[in-house]
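Thanks for coming. I will go through one structure today, starting with a pocket and then moving to helix packing and some backbone details.

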Amino acid sequence: GPLARAIRAKLDAALQPTHLQVLDESPRHGGPPGAETHFAVVVVSGHFTGLSPLQRHRLVHAALRTELAGPLHALAIVARTPQQWESDPHVPPRPPCLGGSKHERHRD
Amino acid sequence: MSGLVRAAWRLPGAAAAGRGRAGRALSQAGTGTGGDGGGAEGGGSGSGSREAVERLVRAHPVVVFMKGSPAQPLCGFSNAVVQILRLHGVEDYRAHDVLQDPDLRQGIKNYSNWPTIPQVYLNGEFVGGCDILLQMHQNGDLVEELKKLGIRSALLDAEKDQDKK
């Protein structure tokens with residue numbers, strides 16, 4: 001969808017990843033397919049070298065600032081250096097949704 | 001460790017969402033003003049101010065801003081944080097339900113310059129969200145950070161038991 005493409009483009013531009021996965025997880029959070037509200041990204045980039053997980057996530061947030069201020073409601077991030085990805089190309093299992101969006105009176 | 005985490009999603013709490021508003025224990029710590037959802041300062045406005053948030057994050061060594069409560073998380077990512085803390089035997093912490101207080105919800109994001117909930121603070125310092133806490137849990141950093149706060153992770157004892165078998 002369009003948001004997925006925007007996320008991919010922004011992350012490509014900001015972080016030149018060697019590996020990038022952009023997954024619309026909205027269906028797992030109670031949305032219809034293609035809702036594009038909850039995303040997971042797997043970003044492998046040399047830019048992350050020497051940075052703590054917090055700093056890496058902040059880089060990803062910075063690249064997606066516009067989206068996060070808008071339709072992007074939740075973002076799960078896996079951020080690794082190319083070396084880390086080579087030694088561990090697996091992502092942890094995602095926690096199941098508990099229908100949080102249904103409990104909200106208004107969006108973020 | 002990751003097997004433990006996978007199992008954590010099936011612990012009570014993961015199945016109990018959305019059953020109504022009973023048991024909204026917003027603060028697990030027994031004493032103190034509570035400081036949840038705007039109650040501490042008497043109303044919605046101001047609960048998201050920098051000063052108000054600062055007070056909340058410094059009120060206890062472990063402070064979590066989440067959706068729902070530890071007894072009844074209302075979001076999978078918030079539940080993940082609760083379950084991880086539970087695995088480490090950390091049941092005494094301050095939890096603030098941002099769904100109860102829109103000012104706090106925005107205020108905490110401004111304070112940490114972090115766009116999403118849940119948010120975990122250790123010793124007044126922002127540590128990250130659910131992904132980072134999960135990473136810290138899996139690589140042993142969380143045990144170390146808890147130790148610095150004078151909290152002994154339950155997993156240390158669990159490992160000892162396993163060694164004896």
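**Pocket, packing and backbone**

Several elements from both chains line the largest pocket: α2 (53-63), β3 (74-80) and α4 (82-87) of chain A, and α1 (2-8) and α5 of chain B, each of which supplies at least two residues. Before I go on, please keep in mind that this is a predicted model.

Which element gives the largest share of that lining? The answer is α5(B), with five residues. The volume of the largest pocket is about 460 Å³. Its lining has 21 residues, and the closest to the pocket centre are Arg80(A), Asp88(A), Pro92(A), Gln135(B) and Gln138(B). By class, the lining splits into eight nonpolar, seven polar and six charged residues.

Let me stay with α5(B) and turn to helix packing. Helix α3 of chain B covers residues 76-87 and helix α5 of chain B covers residues 130-139; their axes come within 9 Å and cross at roughly 25°. With angles under 35 degrees counted as roughly parallel, α3(B) and α5(B) are therefore roughly parallel to each other. The crossing in which α3(B) passes α5(B) is left-handed. On the α3(B) side the contact involves Phe77(B), Ala80(B), Val81(B), Ile84(B) and Leu87(B), and on the α5(B) side Cys130(B), Leu133(B), Leu134(B) and His137(B). In this contact of α3(B) with α5(B), eight residues are nonpolar, one is polar and none is charged.

Next is another pair in chain B. Helix α2 of chain B, residues 50-58, packs against α4(B) at an angle of about 80°, and the axes are 9 Å apart. Roughly parallel or roughly perpendicular? At that angle, α2(B) is roughly perpendicular to α4(B). From α2(B), the residues in contact are Arg50(B), Val53(B), Glu54(B), Leu56(B) and Val57(B); they meet Leu104(B), Gly107(B), Ile108(B), Asn110(B) and Tyr111(B) of α4(B). The classes for α2(B) with α4(B) are six nonpolar, two polar and two charged residues.

Now to chain A. Helix α1 of chain A, residues 2-15, and α2(A) have axes 9 Å apart and pack at an angle of about 125°. That angle makes α1(A) and α2(A) oblique to each other. Their crossing is right-handed. Lys10(A), Leu11(A), Ala14(A) and Leu15(A) of α1(A) make the contact with Leu59(A), Val60(A) and Ala63(A) of α2(A). Six of the residues in the contact of α1(A) with α2(A) are nonpolar, none is polar and one is charged.

Last, the backbone. As background, most residues other than glycine have a negative phi, and most peptide bonds are trans. Where does Gln16(A) lie? Gln16(A) is in the loop between α1 and β1 (19-24) of chain A. Although Gln16(A) is not a glycine, it has a positive phi of about 40°.

The other backbone detail is in chain B. The peptide bond from Ile117(B) to Pro118(B) is cis, and its omega is near 15°. Pro118(B) sits in the loop between α4 (102-112) and β3 (119-122) of chain B. That α4 of chain B is the helix that packs with α2(B) at about 80°.

Notes: Residues numbered from 1 in each chain as written. Chains lettered and ligands numbered in written order. Predicted model: local features only at pLDDT ≥ 70, side-chain atom pairs only at ≥ 80, totals over all residues. Heavy atoms only, no water. Axes fitted to C-alpha atoms, helices over the stretch in contact; angles between N-to-C directions. Helix = DSSP H or I, 4+ residues; strand = E, 2+ residues; numbered from the N terminus. Parallel < 35°, antiparallel > 145°, perpendicular 65-115°, else oblique. Left-handed = near helix turned anticlockwise from the far one by under 90°. Contact = heavy atoms within 4.5 Å. Nonpolar A, V, L, I, M, F, W, Y, C, P; charged D, E, K, R; others polar. 1 Å grid on protein atoms, 1.4 Å probe; cavity = no way out; pocket = protein on both sides within 12 Å on 5 of 7 lines; lining within 4 Å. Points joined across faces, edges and corners; volume = space filled by probe spheres on them.
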